[in-house]
Amino acid sequence: MNEDQRWLAAAAALAARARPLSRPNPGVGAILVREGKVVARGWTQPGGRPHAEAVALAQAGDAARGATLYVTLEPCAHLSTRGPSCADLVCASGLARVVVGCMDPDPRTSGAGLARIRAAGIATEFVASSACAASLSGYLIRQRRGRPEVTLKLALSLDGCIALANGKSQWITGAPARAHTHAQRAKADAILVGGGTLRADAPRLDVRLPGLEQRSPARWVLTRSEAPEGWSALRSPEAIGTMEGVQHLFVEGGAQTAAAFLAAGLVDRLLIYRAPILVGGKPGLADFGLAHLSAAHGRWHLEERRSLGSDTLEVYSARNPTES
């Protein structure tokens, strides 16, 4: 990994602090570097403003002169009632160089941000960064596909079950896996279950980790009926594009809901928690319409596998999830 890629990866790590509080804006990370040392850093603030570049430049002050700005997303070029564009702030900063890890697909900025900075006499460079693209996955999918990024979570026994044959189920996985699930919830804008799960289990779907309770996502239910108080209704998986401001949707089940999202081709990431037990009961995934086994191959890429206590987590991503 070269120097530019290393600093961009560091900026992407900062961007994680903005998710999901920056909604409806993307969570961006920025680092100012001069002579190999960090001058300032920033990430998008709650509610979307100030942007990461504005935070870093304000923190640096005159120390920004002659520095290099590493930023995960191309600085915005469009005007806002909430302040000047980041491209204009950069132009007035005295920076020597700007390195961007991901170009902005928003037509109001796309290419215009770097062009404006270059016209001001500041060297610019686009260095494609997988770390930056991953940190912006929800925003990129929203811009390119008109919908949020969808993560499907499945907690299964070794034989792929989520409940006993009579439907009774509680805590297939252990405490470490459940804590990990809550941490994933804290990164989501919205969380969704099916109507059957809501009626049978009355899940809270909140975040129960110390210090993160306020990051509980908005609750949605897949149903054609009216949603109960405190919930919003989604009529079909294909309607996720209407979820305003939602960049990251966490789908927790059950079997019919999981199958519906898979059948619609709307799942970008899979989190599969496997407990070392055999149940012989209700499967975790309903039929989602595969006619030939060959169609099941080639779509999913294993990103990570780790132990969580006695359980195992496997993370899979769809091929090229952020591309058109």
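Predicted model: local features only at pLDDT ≥ 70, side-chain atom pairs only at ≥ 80, totals over all residues.
**Helix α2 and its buried side**

Helix α2 spans residues 52–60, and its buried residues are Ala52, Glu53, Ala56, Leu57 and Ala60. These residues lie on the same side of α2, because they cover an arc of only 120° around the axis.

What do the buried residues of α2 pack against? Their partners are the strands β1 (29–34), β2 (37–43) and β3 (68–71), together with helix α3 (86–91). After α2 comes Gly61, which has a positive phi near 60°.

**Cis peptide bonds**

The bond from Arg23 to Pro24 is cis, and Pro24 belongs to the loop between α1 (3–15) and β1. Arg49 and Pro50 are likewise joined by a cis peptide bond; here the proline is located in the loop between β2 and α2. The table gives the omega value of each bond.

| Cis peptide bond | Omega |
|---|---|
| Arg23 to Pro24 | near 5° |
| Arg49 to Pro50 | about -10° |

**Positive phi outside glycine**

Glu35 is not a glycine, yet its phi is positive, at about 55°. This residue sits in the loop between β1 and β2. Is Glu35 buried or exposed? Its relative accessibility is 78%, and an exposed residue is one over 50%, so Glu35 counts as exposed.

Leu205 is another residue other than glycine with a positive phi, in this case near 55°. The loop that holds Leu205 runs between α8 (195–201) and β9 (218–222). Leu205 has a relative accessible area of 3%, and the limit for a buried residue is under 20%; Leu205 is therefore buried.

**The cavity**

Empty space inside a structure can be located by calculation: rolling a probe the size of a water molecule over the atoms shows where such space is left. How many cavities of 30 Å³ or more does a search of the whole structure find? The search finds one. The volume of the largest cavity is about 50 Å³.

Which residues line the largest cavity? The lining consists of Arg19, Thr151, Gln184, Ala188, His248, Leu249, Phe250 and Arg269. Strand β11 (residues 248–253) supplies the largest share of this lining, with three residues. Sorted by class, the lining contains three nonpolar, three polar and two charged residues.

How values were computed: Residues numbered from 1 in each chain as written. Heavy atoms only, no water. Buried < 20%, exposed > 50% of the residue type's maximum accessible area, 1.4 Å probe, protein only. Helix = DSSP H or I, 4+ residues; strand = E, 2+ residues; numbered from the N terminus. Arc of directions from axis to C-beta. Contact = heavy atoms within 4.5 Å. 1 Å grid on protein atoms, 1.4 Å probe; cavity = no way out; pocket = protein on both sides within 12 Å on 5 of 7 lines; lining within 4 Å. Points joined across faces, edges and corners; volume = space filled by probe spheres on them. Nonpolar A, V, L, I, M, F, W, Y, C, P; charged D, E, K, R; others polar.
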